[in-house]
Amino acid sequence: MSMAETTAAPVGPLSGIKVLDLTSYLAGPYGCTLLADLGAEVIKIESPAGDMIRNFPSTLENESRVFLGTNRNKLGVVLDLKKPEARAALDRMVADADVIAHNFRPSVPERLGIGYDRLKTINPRLIYVSLTGFGQTGPMADNAGFDQVLQTMTGICNFQGRADAPQVVLGSIVDYYTSSLLAYGVSAALFHRERTGEGQFVGLSLLRTALAMQAGRFVWAEGEDRNAARDLRSGGLTGIHPTKDGHIYISAHSAHFWEALCELIGMPDLARHPRYDNMRKRAEHAPEILPRMRELLQAHTADEWEVIFGQRVPCSKAHPIEDMFDHPQVLDQDLVATMEHPVVGSYRGLGKPVEFSATPGPAQFGAPTFGQHTDEVLGRYGYSAEEIAKMRADGAVI
């Protein structure tokens, strides 16, 4: 995909917005991808070492699956910001940009000459996004922060397992939620700029995210001790259960769902029993209900229970993710896009995560190879082929 093709594509809510993505790994890059999904032109700027997620273990030969999945819809440039020529090139790009995002530790941007105070003199309308592990200040500000570090620090692992046997929640949940907060924060800052003409600094951290995503637990009333119940689970009735073949998740919080479950599974005597007539009571008496419920679930397979429960009991068979590429509901919602890549060839990945009727935005396109668009992007900013060749010979670009 070329820059000309991106500008000629269908309009998205953020079409015309230019984003410089200096982030690496997962939270920052995917946050910028979400902006690209909305139509923004995102230029991914990597160091000569490359985004480390490119080297993440993958069964794809010569490519990283997670890099492809989290960097779609971007143009790829390589600049060595330790070289004056590369910093000068970035300055040209900043002058024309709406957003710049990085995930350096707080002390690094000033050393590289890309701190907010300097860049806003080049472009006062710039939205400057700094994503850190622990925030801009404080005793841990310059510590390296990663998803599972923050999960462990903020209690997520204790809730997933137990205090004496904590477990990580797989899937980089803190990173992905941070990505959403990045897109949310940038969109809000752009809205503010639309009204006032002012750019601003936007600060995010994995610490903020890890606590924000536990807002239902992160409440401590006056007088409560450390043993206050904070778990959001409901006694085990709502959850994943074994069947005759396969596993099924059942949610039966509401009274009408509980009554339908009792009827369809074969324990109608419990449906309106006063001992079990609200969620708290059912959680309290789960040890009485759960063995009977699981025994009855052995009568059918997970597929059969999905049909039996239909729309009356929220449920799902436990599927591998591969099933989603051809699932009729996923396909109906246009959530699978086919993209092309110079190394991988054709591959299927996520379609649009948000649906807009008036501004659907451009079609998804594949993540960039390392430095794929360096010449094209620098050419747009006034560099001649000879100048780019000299910068490449000097190691300022790749």
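Guide: A nonpolar core is a set of buried Ala, Val, Leu, Ile, Met, Phe, Trp, Tyr and Cys residues joined through side-chain atoms within 4.5 Å. Buried means under 20% relative accessible area, exposed over 50%, and partly exposed in between, with a 1.4 Å probe and protein chains only. This is a predicted model, in which local features need pLDDT of at least 70 and side-chain atom pairs count only at pLDDT 80 or more, while totals for chains, interfaces and linings use all residues. Residues are numbered from 1 along each chain as its sequence is written, and side-chain values use heavy atoms, leaving out hydrogens and water.

Visitor: Which residues have the most contacts inside the largest nonpolar core?

Guide: They are V19, L35, V99 and V129, in a core of 32 residues. Helix 9 (173-196) is among the elements that give two or more residues to this core, and helix 9 provides the largest share, 7 residues. Helices (H or I, at least four residues) and strands (E, at least two) are DSSP runs, numbered from the N terminus. A second, separate core of 30 residues includes V77, A89, L378 and M391.

Visitor: What is L35 in contact with, leaving aside its neighbours within four places in sequence?

Guide: Contact means heavy atoms within 4.5 Å. By that rule, the partners of L35 are L14, V19, A40, L182, A183, V186 and S187.

Visitor: Why is helix 2 called largely enclosed by the rest of the structure?

Guide: Helix 2 has 11 residues and 11 of them are buried, so the description applies. Among them are G28, Y30, L35 and D37.

Visitor: What makes G12 count as buried?

Guide: The relative accessibility of G12 is 4%; the limit for buried is under 20%, so G12 counts as buried. G12 is found in the loop between helix 1 (3-7) and strand 1 (18-21). Not counting residues up to four places away in sequence, G12 touches L38, G39, T359 and G361. G12 and G361 are 349 residues apart in sequence, yet 3.5 Å apart in space, C-alpha to C-alpha.

Visitor: How many cavities of 30 Å³ or more are there?

Guide: The count is 2. A cavity is a set of points on a 1 Å grid over the protein atoms alone where a 1.4 Å probe fits but cannot get out, and its lining residues have an atom within 4 Å of a point. Grid points are joined across faces, edges and corners, and a volume is the space filled by probe spheres set on the points. The second largest cavity holds about 30 Å³, and its lining includes D37, L38 and K352.

Note on methods:
On a 1 Å grid over the protein atoms alone, a cavity is a set of points where a 1.4 Å probe fits but cannot get out, and a pocket is an open set with protein on both sides within 12 Å along at least five of seven lines; lining residues have an atom within 4 Å of a point.
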